Amino acid sequence: MSTRIRCEVRDESPVTVVRLAGALDLGTTRAVHEVLDRCLAAQPDALVVDLEDVHVIEPLALSVFAAACRRADDWPAVPLVLSAPPREAAAWLNETTACRVVPVRGDRAEAAALAGAEASPRLRARLEPVAGACRRARELVTEACGRWNVPELVGPASLVLSELVGNVVRHAGTPMQVTLTLRRPYLRVAVMDGSPADARAATGRDLESEGGRGLMLVRELTQRWGSTPVGAGKVVWAMLPAN
């Protein structure tokens, strides 16, 4: 991270707070982007970015928050709110498209309340890489779809999540966190494991190999799917239409 900007990440459940301090310009936006990206990949319920101690050098650098908010709204469906921007930064936010995309509040408490109120329903579970993990994953889907009244998604979501969990059992062999999130028009399923190896669907000659064919099914059953690095591992996620 740039030495000209610092960050502190705090888990203040159900909201994760990122406190930034220092100079924000086009040179430090990369560091800010990386911090926000890591936070989002961990799939918190909500994210607040505290700007009280930030000195904005270049107004264009504020676009990093609009970009993060768009990413958060798509996957992993995490509400992002800015809090306590200095007066000049608040004025610039009002003049740019950033403020139309990401909500801004005058203090952290107000921002946390707004972010928490907009959080989507989530169901999380910790699974071990054992033979029964796929069965437990299907049980979680049934529980979530019943709780959220989307019974039509039990079948496809169970298939998708079973493949993602089975992929961890077969290849990563690490404990995993399963997360299901409903934010219409999509049900999002995600599996975080401790392996940095990228997940990819089989293509061409790969079809003759043992790995990757399950992810072909994931690709066919979902609107989108992807693999995102997080910490020493990754999170593999997929989005199913929930109209």
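Which residues are linked with D50 in a network of salt bridges? Select E12, R19, D50, D53 and R108, which are linked in that network. A salt bridge here is a side-chain nitrogen of Lys or Arg within 4 Å of a carboxyl oxygen of Asp or Glu.

Before continuing, please note the basis of the tour. The model is predicted, so local features need pLDDT of at least 70 and side-chain atom pairs count only at pLDDT 80 or more, whereas totals for chains, interfaces and linings use all residues. Residues are numbered from 1 along each chain as its sequence is written, and side-chain values use heavy atoms, with hydrogens and water left out.

**First stop: the salt bridges**

Keep D50 and R19 selected. They form a salt bridge in which the closest N and O atoms are 3.8 Å apart. D50 belongs to strand 3 and R19 to strand 2, so the pair ties together parts that are 31 residues apart in sequence. Helices (H or I, at least four residues) and strands (E, at least two) are DSSP runs, numbered from the N terminus. D50 is buried, at a relative accessible area of 4%, whereas R19 is partly exposed, at 26%. Buried means under 20% relative accessible area, exposed over 50%, and partly exposed in between, with a 1.4 Å probe and protein chains only.

Next, select D45 and R122, another salt bridge, whose closest N and O atoms are 3.6 Å apart. D45 lies in the loop between helix 1 (29–41) and strand 3, and R122 lies in strand 6 (residues 122–127), so this pair ties together parts that are 77 residues apart in sequence. R122 is buried, with a relative accessible area of 12%. The structure holds 18 salt bridges. Side chains of opposite charge can pair when their charged atoms come close.

An open sheet of five strands has the order 1-2-3-4-5, with mixed pairing. Its edge strands are strand 1 (5–12) and strand 5 (104–105), each of which pairs on one side only. Two strands pair if DSSP finds at least two bridges between them.

Select strand 3 (residues 46–56) and strand 4 (residues 80–83), which run parallel and are joined by four bridges. Across this pairing, V49 stands opposite L82, and D50 stands opposite S83. Both faces of strand 4 are covered: L80 and L82 on one side, and V81 and S83 on the other, are all buried. In a regular strand the side chains alternate between the two faces of the sheet.

Select strand 7 (residues 176–183) and strand 8, which run antiparallel and are joined by seven bridges. They form a hairpin with two residues between them.

**Last stop: helix 8 and the surface**

Select helix 8 (residues 213–221), where L221 is found. L221 is partly exposed, with a relative accessible area of 31%. Together with L159 and L217, L221 forms a nonpolar surface patch of about 220 Å² of accessible area. Patches are made of residues with over 30% relative accessible area and no salt bridge; like charges are joined within 9 Å, and nonpolar side chains (Val, Leu, Ile, Met, Phe, Trp, Tyr) within 5 Å. Accessible areas come from the Shrake-Rupley method with a 1.4 Å probe, and for residues only the protein chains shown count as cover.

Finally, select E220 and R219, a salt bridge with its closest N and O atoms 3.9 Å apart. E220 is exposed at 61% relative accessibility, and R219 is partly exposed at 34%.
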